[in-house]
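Hi,

Here is the structure I said I would pass on. Have a look at it first, and my notes follow below.

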Amino acid sequence: MTNFVNISASDVCSVERSFEILGGAWTFLVLREALLCNVVRFDDFQSNLGIARQSLRRVLDRLVRNGVMVQQPLQEGGSRKGYFLTDRGRDLLPSLVAAISWGQHWNDTDQYPEKILHKSCGGDLTGGIVCSECKEAIDPRQVTFESRIKRRSKGREKFAKSRYVELALLERQRPCSIAKTMATIGDPWSFLIIRECFYGVRRFDAFQKRLAIASNILATRLKRLVAAGVLELRAHPTQSGISEYRMTEKGLALYDLPLTIIAWGDKWLAGPEGPPLVLTHKQCGNEFRAILWCHECREEVAIDQIDYHVVPSS
Ligand SMILES: [Zn+2]
Ligand SMILES: [Zn+2]
């Protein structure tokens, strides 16, 4: 079922609008529980994640308010309610797969392999985010973007308040590759910094200007991204005394996550004038969106075709 909410046409980039809804590492873990583990009860979310009740309440309320989840009776005619995903919510599967894939590939996760498989063929879906047109993996250096709608800079007080959540807290109940990804870029500011990197921004003052972010917050976030090996600080090739933040291979590999969030935002949040940003895949020459694709049976994968296992460490 789809629960329509009244979201007015927005002229900001879909990533930003989407992240106002999804923003925060806990949100992704709540979505993991709902999408991949079929959790619907407040108490189950709480005990599976070890999250403070108040924080969980805030996340679930935000998801309901934005039509990602809907509250419904757990049993027909019953009074106790659970949290169920809407179509809009289920469509976040590619973003979760992107987060799992990156978290697994770039972190030491051997002790607790998570498997995300295509039910019909058993094919591994990590690395399954591809270009909708040529079905190839997407290298950020092979993408051009064009803004069709002028971006409006608006207040980001919500972002300024959003806290960074430590990995240890996110993994309180069990290790998880989504948690690892989100501990790296799960707070909205870090995510927006990464987005700017994909737009080619490299200098401290340019980040500051484009994001209207306080310099101390920006400095802390950049430092953390460098420590995580996502960015590196390099001297400018020709201008002496100037440093630039460049993405490492590990950072470039994050691209699937913003791409899937853009695709989601374009589908569910864009107004009648269409997506604010048009992406072109240079490799195939087409405008595209990121999709979840099974390389074994060569078809797009939907949420009801997923098998998710956590193999606990012995
Ligand atoms: Zn393509
Ligand atoms: Zn398959």
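Which residue in β11 does Trp 293 stand opposite? The answer is Glu 300.

Before the rest, a word on the ground rules. This is a predicted model, where local features need pLDDT of at least 70 and side-chain atom pairs count only at pLDDT 80 or more, while totals for chains, interfaces and linings use all residues. Residues are numbered from 1 along each chain as its sequence is written, and chains are lettered from A and ligands numbered from 1 in the order in which they are written.

On confidence: the protein averages a pLDDT (the predictor's confidence in each residue, from 0 to 100) of 85, and 89% of the residues score at least 70. Take care with residues 1–12, where pLDDT stays under 50. For that stretch the model has 27 contacts beyond four places in sequence, a contact being two residues whose C-beta atoms, placed from the backbone, lie within 7 Å.

Helices (H or I, at least four residues) and strands (E, at least two) are DSSP runs, numbered from the N terminus, and two strands pair if DSSP finds at least two bridges between them. The sheet is open, with 3 strands in the order β4-β10-β11 and antiparallel pairing. Its edge strands, β4 (129–131) and β11 (299–300), each pair on one side only. Strand β10 (residues 290–294) is joined to β11 by 2 bridges, in the antiparallel sense.

Helix α6 (residues 93–106) packs on this sheet, touching β4 and β10, and its direction makes about 75 degrees with that of β10. Helix α14 (residues 256–268) also touches β4 and β10 as it packs on the sheet, at about 110 degrees to the direction of β10. (Axes are lines fitted to C-alpha atoms, for helices over the stretch in contact, and angles run from 0 to 180 degrees between N-to-C directions.)

There is another open sheet of 3 strands, antiparallel, in the order β5-β8-β9. Here β5 (143–147) and β9 (286–287) stand at the edges with a single partner strand each, so one side of each has no neighbour in the sheet. Strand β8 (residues 277–281) runs antiparallel to β9, with 2 bridges joining them, and Thr 280 has Glu 287 as its bridge partner in β9.

Last, a helix pair: the axes of α10 (residues 188–198) and α11 (residues 204–211) come within 11 Å and cross at roughly 115 degrees. Leu 192, Ile 193 and Glu 196 in α10 meet Phe 207, Arg 210 and Leu 211 in α11.

Cheers
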